[in-house]
Amino acid sequence: MELLIKAFIMGIVEGLTEFLPISSTGHLIIVGSFINFTGKFATMFEIVIQLGAILAVVYYYKGKIFASLKNLKPGDWGFNLWFKIFIAFIPAAVIGLFTHKYIEEHLFSPFTVAIALIVGAIMMIVIEDTFGKRYKIDNMDKVDTKKSFWIGIAQVMSLFPGMSRSASTIMGGMLVGLSVKAAAEFSFFLAIPTMLAATGFELIKSFTAMSLLEWEALTVGFIMSFITALFVVDKFLSYLAKHPLKPFAYYRLIVGLLMLLLISEKIVK
């Protein structure tokens, strides 16, 4: 029962943070440390429940996704959309394939997350101040292949726990001329293949080693992640239409500095 309660909490944390530029992985590591949800299963759990958040995006954009799938002939709008998403997907997929073991063994810790939260926050502030009002693209459908690739390069930063996949791709989008809202929408679509690949990889590795209780915990986390993320996606896009990213950057700074303080006091390990 205790494991299911922890899974319930972690599912909500995942759904709340996955699409905000504040690092879902970082928050899962922080909360997991506080509630003693750590170890190999916890690491796998934190990756797999991202599927719940991804399905929330699929549901939210179901009209656009279904329409795109009806136009998959080369040259059609749907084909161009998913081709650009695929191009953006490649860099992190390739690098992640060769580095995932090292990252899981050495970088999933409160200290590395705290540093990444702080560094990412500073980058967000600088990029928004420099490029936030210079955008020329206000619709993700207008992104070309070259810009898609550079957004994919930016997503590589998210392999470092605490940087945030959402923050990395939104910053990448802003650097190549997208508005914050257009960059966020591109980030949501890019999350679909990225997180499906990560989730599938983890499930294949762990499928036979999981107990019935662990499957139940995974199901609880998945459901809570989906429900919470569905609410967050809509609110986040509405927010970006009228407000800047800076509050999220300031939040990251506060959390990162607080984590370093707790680590120095040996409250978080």
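At 0% relative accessibility, G152 counts as buried; buried means under 20% relative accessible area, exposed over 50%, and partly exposed in between, with a 1.4 Å probe and protein chains only. This glycine, G152, is found in helix α8. Helices here are DSSP runs (H or I, at least four residues), strands are E runs of at least two, and both are numbered from the N terminus. Leaving out residues up to four places away in sequence, G152 touches A88, P91 and A92, where contact means heavy atoms within 4.5 Å. The C-alpha atoms of G152 and F89 are separated by 5.8 Å, although the two residues are 63 apart along the chain.

Before going on, please keep in mind that this is a predicted model, in which local features need pLDDT of at least 70, side-chain atom pairs count only at pLDDT 80 or more, and totals for chains, interfaces and linings use all residues. Residues are numbered from 1 along each chain as its sequence is written, and side-chain values use heavy atoms, with hydrogens and water left out.

**Two residues of helix α11**

Let us turn to α11. A217 is found in this helix and is buried, with a relative accessible area of 0%. Not counting residues up to four places away in sequence, A217 touches L3, L4, A7, F41 and F45. S238 is also found in helix α11, but S238 is partly exposed, with a relative accessible area of 42%.

| Pair | Places apart along the chain | C-alpha separation |
|---|---|---|
| G152 and F89 | 63 residues | 5.8 Å |
| S238 and K181 | 57 residues | 8.8 Å |
| A217 and G11 | 206 residues | 9.6 Å |

**A covered helix**

Two of the contacts of A217, F41 and F45, are buried residues of α3. Helix α3 (40–48) is mostly covered, with eight of its nine residues buried. Those buried residues are F41, A42, T43, M44, F45, E46, I47 and V48.

**Nonpolar cores**

Which residues have the most contacts inside the largest nonpolar core? They are F19, I170, L178, F186, F188, F236 and L245, in a core of 49 residues. A nonpolar core is a set of buried Ala, Val, Leu, Ile, Met, Phe, Trp, Tyr and Cys residues joined through side-chain atoms within 4.5 Å. Several helices each supply at least two residues of this core, including α4 (50–60), α7 (110–131), α9 (165–175) and α12 (246–264). Helix α10 gives the most, with eleven residues. Apart from this core lies another, of 14 residues, among them V13, A42, I49 and M210.

**The largest pocket**

The largest pocket has a volume of about 720 Å³. On a 1 Å grid over the protein atoms alone, a cavity is a set of points where a 1.4 Å probe fits but cannot get out, while a pocket is an open set with protein on both sides within 12 Å along at least five of seven lines; lining residues have an atom within 4 Å of a point. Grid points are joined across faces, edges and corners, and the volume is the space filled by probe spheres set on the points.

Of the 31 residues that line this pocket, the closest to its centre are I47, Q50, L159, T194 and A198. The elements giving two or more residues to the lining are α2 (24–34), α6 and α10, and the largest share, nine residues, comes from α6. The lining divides into 15 nonpolar, twelve polar and four charged residues.

**Two positive phi angles**

Most residues other than glycine have a negative phi. N36, in the loop between α2 and α3, has a positive phi near 60°. Is N36 buried or exposed? At 55% relative accessibility, N36 counts as exposed. S164 lies in the loop between α8 (145–155) and α9, and its phi is also positive, near 85°. At 5% relative accessibility, S164 counts as buried.

Methods. Ala, Val, Leu, Ile, Met, Phe, Trp, Tyr, Cys and Pro count as nonpolar, Asp, Glu, Lys and Arg as charged, and the others, Gly among them, as polar.
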